[in-house]
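Work through the exercises below with the sequence and the 3D structure at hand. Try each task before reading its solution.

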2 protein chains.
Amino acid sequence: MRKIGIKDIDYISMGSTVLGTGGGGDPYVGKLLAKQAIKEHGEVTMISADELDDNAFVQPIAAFGSPMIMVEKLFAGDEFIKAFEMMESYQGKKIDAVMPAEAGGLNGVIPFAIAAEKKIPLVDADGMGRAFPRLEMGTFTLHGIGASPITQADEKGNRNVYHTIDNVWGETLLGATVIQMGGNCAIAPFPMTGAQVKKASVLGTVTYAQQLGSAILDAKKEKRNPLSSLIQAAKAIELFSGKISNISINTEGRWSKGVCEIVGLDAYKGSNMILDFQNEFLMAKVDGLTVAMTPDLIVLLDAENAEPITAETMQYGTRVAVIGMQADPQWRTPAGIELAGPKKFGYEEDFSRIEDLNK
Amino acid sequence: MRKIGIKDIDYISMGSTVLGTGGGGDPYVGKLLAKQAIKEHGEVTMISADELDDNAFVQPIAAFGSPMIMVEKLFAGDEFIKAFEMMESYQGKKIDAVMPAEAGGLNGVIPFAIAAEKKIPLVDADGMGRAFPRLEMGTFTLHGIGASPITQADEKGNRNVYHTIDNVWGETLLGATVIQMGGNCAIAPFPMTGAQVKKASVLGTVTYAQQLGSAILDAKKEKRNPLSSLIQAAKAIELFSGKISNISINTEGRWSKGVCEIVGLDAYKGSNMILDFQNEFLMAKVDGLTVAMTPDLIVLLDAENAEPITAETMQYGTRVAVIGMQADPQWRTPAGIELAGPKKFGYEEDFSRIEDLNK
């Protein structure tokens, strides 16, 4: 158990954005909402999963929708509390602790805003250890936990409860309504017991995000190389370095699908990287050869300061570095690869581990 | 209070399809489900609204979606019970009586299936006195009654609760999810008290439908002219008679929008009728002059037997008659015309009563 204050949020947000691999929502909005809530209601108590009572009622909370739209259509802020309270009133019991559903600039820190306002602890864990573009793509699903009932709230005051037959249907119905709602909403999916959280989460994600954030921000403060610092902290592999030469994006439902092309510079001069994304970066090829693929993490960084760049804020001409990180071991099982591996996104390639692709 | 048995369903279904003005769902499926339930569980007690306790919990039940799809994607039958039971469990109390949300081949009789299975009475009233293409287009809305909470169930087992800020949002969110569900689902909207039903319904709709059905079916049995019999019973105006010469349909979301062209025969020889529809028939013009418009009722009938034809079963070459009926007085108020009049569907014309258009 430890206290999380306003300064910690900068680190956690930064590291969560690294883990968000291009998705997980806009870090700016996430930091703002989390810091405001802590300022108003006081620091948040973060506990590890093993501090949870097995019967505790734990609720993941997340922003849901199109990250592209979230940049322009801001959250009012109280959607998250409304989704939280709808779950409590629907279940007829108090939520004992919240947790992030996924890592990401927004989704990694928004649960701190709820924890602060509701004065309940936040669990140092999440359901992905990264971000993914679909609700069902979580370790919770791998452990057979249903997303339902899911509550949903928008800034206008609409609030709904979904009981879907499986987690794919949860994604389908939330995806259909969030478009009508203007592209974003708050959701409270996967209500769980403490025992389920211990078994089905990626443990320690928030602390890990804070370490990654610190690797970037402290290095900068201490005039060390932030990229080397992050690579070391994340046990990452440097995949490429260059300049963004082309970005093409298509919006399909709540997803931004597209390709980012990077022309190599320095050691990579003469080479070319193609980075596919669907909210999150899913596949990286250099000169036609795959160097990293989902569920391993592909992270796009600003080469100047090693700060992560989300897919919706990529800009032509930016000097970037791309690194790869190993996914949580749960994702590298046959079930994990089936749920969120390359074939799930329409690629014909079998999954290969990043360390094997870059020997 | 009176008992409704299997034979009554034929009459009620036939008359409800007349009132459905092209929409309200497929009569065949409605009759089948209602008769099956009555056969299995016994006759239904139908009560008038004034027999309701003011505090009674009354629940309208309806099929929702695209009538075009409902013809092909059949209901499993238990969606309606699931939506009903979801409402009971959500509200934490028993439903005392059901009622139709709208008249129509399916929606006018499906509540009998629920009433039979649940052994509760059905109220002789509905929320339109006809059918309309949108959830919010009901007399309930005119009286300020919220559609929320709305429960929704599909044949797969998905079941949801919507709390929307207004009834238009109810239509929007249900409309978005029903497409994902394959085009049809069951809903339980507008949970009401007995006092609200007395004030905000179109009273006696089921009995009226039964009378219209009897006007058609008994005339046929007794070798009288069913069309004259129906026109007399409905105080209707004959608008046109001829042969369907062209049908164009576009599907937009859950709506089938289009135009049916009829070339005149006999007394109407040399004339042409254009019938616009959006699930329901909304506007009828003869040789360019409007002869009937929403919210008044425009009914397309088979000229042979005076049986109503729904928009999704219209066929090229059919000999048809078109009649017009006055809408319930609630629809002819400024508020009623604003909610479901011609301007609401994009026409520039002001509403004119059918009796004024056909002096």
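Copies are superposed by least squares on the C-alpha atoms of residues with pLDDT of at least 70 in both. The model is predicted.

**Exercise 1. The two copies**

Task: Find which rotation superposes chain B on chain A, and state how the copies are related.

Solution.
Step 1. Chain B is superposed on chain A by a rotation of 180 degrees, with 0.0 Å of shift along the axis and an RMSD of 0.0 Å.
Step 2. The two copies are therefore related as by a two-fold rotation axis.
Step 3. Both copies use the same surface, since 100% of the contact residues of chain B recur in chain A.

**Exercise 2. The interface**

Task: Describe the side of chain B that touches chain A, by element and by class of residue.

Solution.
Step 1. Contacts link 17 residues of chain B with 17 residues of chain A.
Step 2. On the chain B side, the elements that give two or more residues are strand 8 (159-163) and helix 7 (167-180) of chain B.
Step 3. Helix 7 of chain B supplies the largest share, seven residues.
Step 4. Sorted by class, this side of chain B has seven nonpolar, eight polar and two charged residues.
Step 5. Strand 8 (residues 159-163) of chain A and strand 8 of chain B run antiparallel and are joined by five bridges. In this pairing, Tyr162(A) stands opposite Asn160(B).

**Exercise 3. A loop residue**

Task: Decide whether Ser148(A) is buried or exposed, and list its contacts beyond four places in sequence.

Solution.
Step 1. Ser148(A) lies in the loop between helix 6 (139-142) and strand 7 (150-153) of chain A.
Step 2. A residue is buried if 20 or more other C-beta atoms lie within 10 Å of its own. Ser148(A) has 21 other C-beta atoms within 10 Å, so Ser148(A) is buried.
Step 3. Leaving aside neighbours within four places in sequence, Ser148(A) is in contact with Tyr162(A), His163(A), Thr164(A) and Gly170(A).
Step 4. Ala188(A) is 40 residues from Ser148(A) in sequence, while their C-alpha atoms are 9.3 Å apart.

**Exercise 4. Helix 1 of chain A**

Task: Check the span of helix 1 (residues 6-19) of chain A, then find what covers its buried residues.

Solution.
Step 1. At 1.5 Å a residue, the 14 residues of helix 1 of chain A should span 20 Å. The end C-alpha atoms are 20 Å apart, which agrees.
Step 2. Of these 14 residues, 11 are buried, so helix 1 of chain A is mostly covered. Among the buried residues are Ile9(A), Met14(A) and Leu19(A).
Step 3. The cover includes strand 1 (2-4), helix 2 (27-41), helix 5 (110-118), helix 9 (205-221) and strand 17 (297-302) of chain A.
Step 4. Just after helix 1 of chain A, Thr21(A) takes a positive phi of about 45 degrees.

**Exercise 5. Strand 14 of chain A**

Task: Identify which strands pair with strand 14 (residues 272-278) of chain A, and explain why this strand is described as largely enclosed.

Solution.
Step 1. Strand 13 (residues 255-264) of chain A runs antiparallel to strand 14 of chain A, with seven bridges between them. Here Gly258(A) stands opposite Phe277(A).
Step 2. Strand 15 (residues 280-286) of chain A also pairs with strand 14 of chain A in the antiparallel sense, over six bridges. Here Phe277(A) stands opposite Phe281(A).
Step 3. The hairpin of strands 14 and 15 of chain A has one residue between the strands, and Asn279(A) takes a positive phi near 60 degrees there.
Step 4. Five of the seven residues of strand 14 of chain A are buried, so the strand is largely enclosed by the rest of the structure.

Conventions
Residues numbered from 1 in each chain as written. Chains lettered and ligands numbered in written order. Predicted model: local features only at pLDDT ≥ 70, side-chain atom pairs only at ≥ 80, totals over all residues. Buried ≥ 20, exposed ≤ 12 C-beta atoms within 10 Å, placed from the backbone. Helix = DSSP H or I, 4+ residues; strand = E, 2+ residues; numbered from the N terminus. Pairing = 2+ DSSP bridges. Contact = placed C-beta atoms within 7 Å. Expected span 1.5 Å × (residues − 1). Nonpolar A, V, L, I, M, F, W, Y, C, P; charged D, E, K, R; others polar.
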